[in-house]
Amino acid sequence: MKRWVGLALILLLATVSVPAALLGLAATATGTRWLAAAAVRFVPGELRLGKLSGTLLDRLDLEQLTYRLPTQTLEFSRLTLAWQPKALLFGELKITELIASGVRYRPLEPSPPASTLPALYFPLKVTVERAEVRDAQLVQNATYLNLDEGQLSASLTGARLRIQRLQLRVQAWSASAAGEVALRGDYPLRLSVDWKGTLSGRSLAGQAKLGGTLRALTLDHRLNAPVQVRTQGTVNALDPDLPFAVYGAWENARWPPYSSPAGAYRAHGNLKAYRVEIDASFQGKAFPPLQIQLRGHGTPQSLAFAPLKVHPPKGHVEITGQIAWAPALAWQLALEGRELDLKAFIPKLPSRLEIRALSHGRWNGQKRQATLQIERVRGKVRGQTVEASGTLRFQDGNWQSDGLKLQSGRNRLELRGSYGKRLDLEFAFAGRDLSELWPGLAGALNAKGRLTGALPSPSIRAEAQGQKIAWQGHRIGELALRLALVPSDPASSGVLWLHRLELAGQRIESVKLAVRGEFARHYLELELTAPQGKLDAALSGSYQAGLWQGQGERLRLEDPSGRRLVFPGDGQFSAKARLDFTKPVKLVGRVGLEILSLTALAPWLTPLDRPEGRAQLELSAAGPIADLHPTLRLTLREGAFGLRPAGVRLTAVEATVEGTQERLALRAYLRAGEGRLKISGWAQPPARLHLKFTGENLEVVRTSRVTARASPELILDLNGRAGRLTGTLLIPEASLRLKQLPAGSVAVSEDERILGQAPPSPPFEIASKVQLVLGDAVHFQGFGLNARLAGQLEVSGKLAGPFHAHGSVDLKEAKFEAYGQKLTLAKGRLIFTGPLDRPYLELKASRTVEAAGVTAFLEVRGPATKPQTRIGSQPPLPQTEALSYLFLGRSFQSSSTTEQTQVAKAALAMGAELALPWLKKLGLEAFAAQTGTQLQEDALGLGKYLTPDLYIGYALSLFNGVGKAILRYRINRFLSLEAGAGGSQNVDLFYTLETD
């Protein structure tokens, strides 16, 4: 009995101690390494472990792990495992972290297809809180499938796998999934998938729902971006041939610049053989709305069209044949079009065409060949009969044609030969009426030629003649071309003549461009004759291996009178250019022109007086011809010139214009008198301009009548023809001396119209709003008035007029002299609240005659177009007496006859104006002051027109008060009859002749 008890104790101790020993080993790093080394010997296949750190019961890190089986290999650069052993006590295998990086999986033998899936059942609950795979790669048959990153959170209970989160990322593509899978039968599942990515710079995104089983997998997918397409169907994922049946549709799909208002597709079959049907509408900027209908069948290597139909707005196109993409791109297609109207593609070309063409080819690496055979193009374009035919072949970089022919109306083009590394190409064009080719094109052109030799320096022989060629408003009266260019022949030459040109409204009498010499060393000359003068320029250049370089030699300008500018001579001229014809064609060039003294330009600068200074122009460009951005720099140094109308001379002029065609910066500094002006701004050709003018004490006018200085703070903005001028203009000092009004200072009536002549249109419509400030030294002297002007105005309007003003101008320290007498201007103000030429007047002039104890005054108030005058005196006197004291300095009765005449005329003028409202109340509409050679003949005429030709009136003598009745009748435009009755009677016949 004791023996059995001892044996039982030994077995119990062994049962407890072995697991305890194993747990003890797993809890230490040394024990974990010992257990791993022991496991290597028992694992089937070959297992290699690199560096191992950590413990099996906490966190284990493995580096360089490789596991090989006869059928596959699995490698890890690093593997990290962290789990919770105590969860086993509750029936759960809980993995908190499993991270694998640098994963490489290589199946060495293809796996046999699985007709059935294994049923899996796990007695323990398995939980994976976080599993990550980084930099994974599947390598099979030289095919690499990469996975940049993958993440998984899942749990397995019995046979049910729940995926909380599955995320995958491959370059610019990513996907996430969640759902459930039952690991029995055909694996029923329910998954939702979201994905997104980028293709050719465009974002794509979609959502899918998967259901059913792997043997009958249902798919409901929605493409959300960039277009919306819904796809539904079924797939057998367990069959290696992957049988499927899917269908889909879309509406208002857009992929700028293309769009598809509606479409649908259907496909069924398997990867070895399938059929596809597509019905859709497409449209874009380059083509009109098209209806596409495709019926085809294919394999993994090819697709056969049976057929592909394209329906433009008018006509239809049908394509039959086959296109393959494996093992190489190859095709054999036939195209047939009927009743085609090119107007839908090119609005200016209404047409009705029939087309039949064949094409076949193969594109396999460096072995490339293709053939296009145009069997027939026939019909009408713009009412002209059009025919075309020919064959074009391409093989290993060389194009060849046995003859391409195109005829439109009376115009015919033929092209034959080869184009590749070597050229042997002939062309002939007979254009008897170019208007039959394209709208807006006109004239006649005949040309023929041949290009032979190796690229990029072929030999060129060509000649052309043209007459009355026109295109979009440009015209060439006559054209002639002759080329005989051989790369290494110094006798090579070419000439282009153009006569009677009109380019953008500019008339040019003739242009001659000539070249002579071999490609490596040649000479170009340009001669241009226009109404403005002649231009003669020369360049020397060289062309080798697709690179042309040139340098300017001379430049001559001549005006119609024979005056010349010669460079070099009057200045320096330089021009260098480098043109690289390799794709893309690139240009590097610079043109420089320096004028040593503007005096040489004086005959051309007629508005300027004695111009001086140095001017320099630099124009440079570098980059592809299709995207060229030239830069400009124009400078003026030590400049000086006079402005004849203003009588001032600008000195110390320094100006710079520099920038590109997108934006130019402008800077200028100058002196005028003792003042300085700064101009800064920018321009955006051809329409935008912004300038700021800042100056102080600038001399702007110096003539015998007017001198003035100004301090501007102005901004000019111009956009096309519309512009705006704003800011402040201070006039600190000015002197205006006038004896009579200058010519043109009296404005014509606003409603004046010249028949048969349209009013001139100003080049710019500039609206202004400028604050005009008069300083303390602004003086006016003229018409008997001597005064200092002060005040400020806000002047607005368009430069072409009319102007409006708001503000006032005061007449300070004013003296007025009339009829030899000096008056004191006690008050003088011009108030502006509207048009600049219609101020409101507030004037009062007075004169004191101390000997008589009389102060006479004249007041003027009201609008300038209709002022009200009042004569008065202290002490009060009759107006005739007050006026006599004001203008003569003594009583009317004590004045001479001549002086009384002057007073009478002044009284008449002011009295008539004062009497105007009363005369109109009496129904009299005609009144006038009639003056004679003697005082006794002065009279006031009052009357009314009973008809346009019959006048009745009364004339009252201002000298003796005697009146006379008048009756006047106009017989015609030259004769009128007048009868008078009063102190005497008379009948007179008047003949009137008006001349300019």
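**Entry: ground rules**
I am working on a predicted model, where local features need pLDDT of at least 70, side-chain atom pairs count only at pLDDT 80 or more, and totals for chains, interfaces and linings use all residues. I number residues from 1 along each chain as its sequence is written, and I take side-chain values from heavy atoms, with hydrogens and water left out.

**Entry: the whole protein**
I counted 4 helices and 59 strands. Helices (H or I, at least four residues) and strands (E, at least two) are DSSP runs, numbered from the N terminus. Of the 996 residues, 32% count as buried. For burial I use relative accessible area: buried is under 20%, exposed is over 50%, and partly exposed is in between (1.4 Å probe, protein chains only).

I went back to the pair I started with. Strand 25 (residues 411-419) and strand 26 (residues 422-431) run antiparallel, joined by 9 bridges. Two strands pair if DSSP finds at least two bridges between them. Strands 25 and 26 form a hairpin, with 2 residues between them. Strand 26 also pairs with strand 27 (residues 441-454), in the antiparallel sense, over 10 bridges.

**Entry: helix 2**
Helix 2 covers residues 29-42, which is 14 residues. I checked its reach: 21 Å from first C-alpha to last, close to the 20 Å expected at 1.5 Å a residue. The expected span is 1.5 Å times one less than the number of residues. Which residues of helix 2 are buried? I found G31, T32, A36 and A38. They are on the same side of helix 2 because they cover an arc of only 165° around the axis. The arc is that of the directions from the helix axis to the C-beta atoms. On the face turned away from the buried side I noted the exposed residues T30, W34 and R41.

**Entry: helix 3**
In helix 3 (residues 879-887), 7 of the 9 residues are buried, so this helix is largely enclosed by the rest of the structure. Among them are L883, Y885 and F887. G889 follows helix 3 and has a positive phi, near 85°.

**Entry: two polar contacts**
I count a polar contact when a pair of N or O atoms is within 3.5 Å; within protein, one must be able to donate a hydrogen and the other to accept it, and residues adjacent in sequence count only if both atoms are side-chain atoms. S492 is in the loop between strand 29 (474-485) and strand 30 (493-503). S492 is buried, at 1% relative accessible area. A polar atom of its side chain lies 2.9 Å from the backbone oxygen of D489. R104 sits in strand 5 (residues 92-107). Its side chain reaches the backbone oxygen of D135 at 2.9 Å.

Most residues other than glycine have a negative phi, and most peptide bonds are trans. I looked for exceptions. Q64, in strand 3 (residues 59-69), has a positive phi near 55°. Q64 is exposed, at 53% relative accessibility. D396 has a positive phi of about 50° and is partly exposed, at 39%. The peptide bond from A306 to P307 is cis, with omega near -15°. The bond from A326 to P327 is cis too, with omega near 5°.
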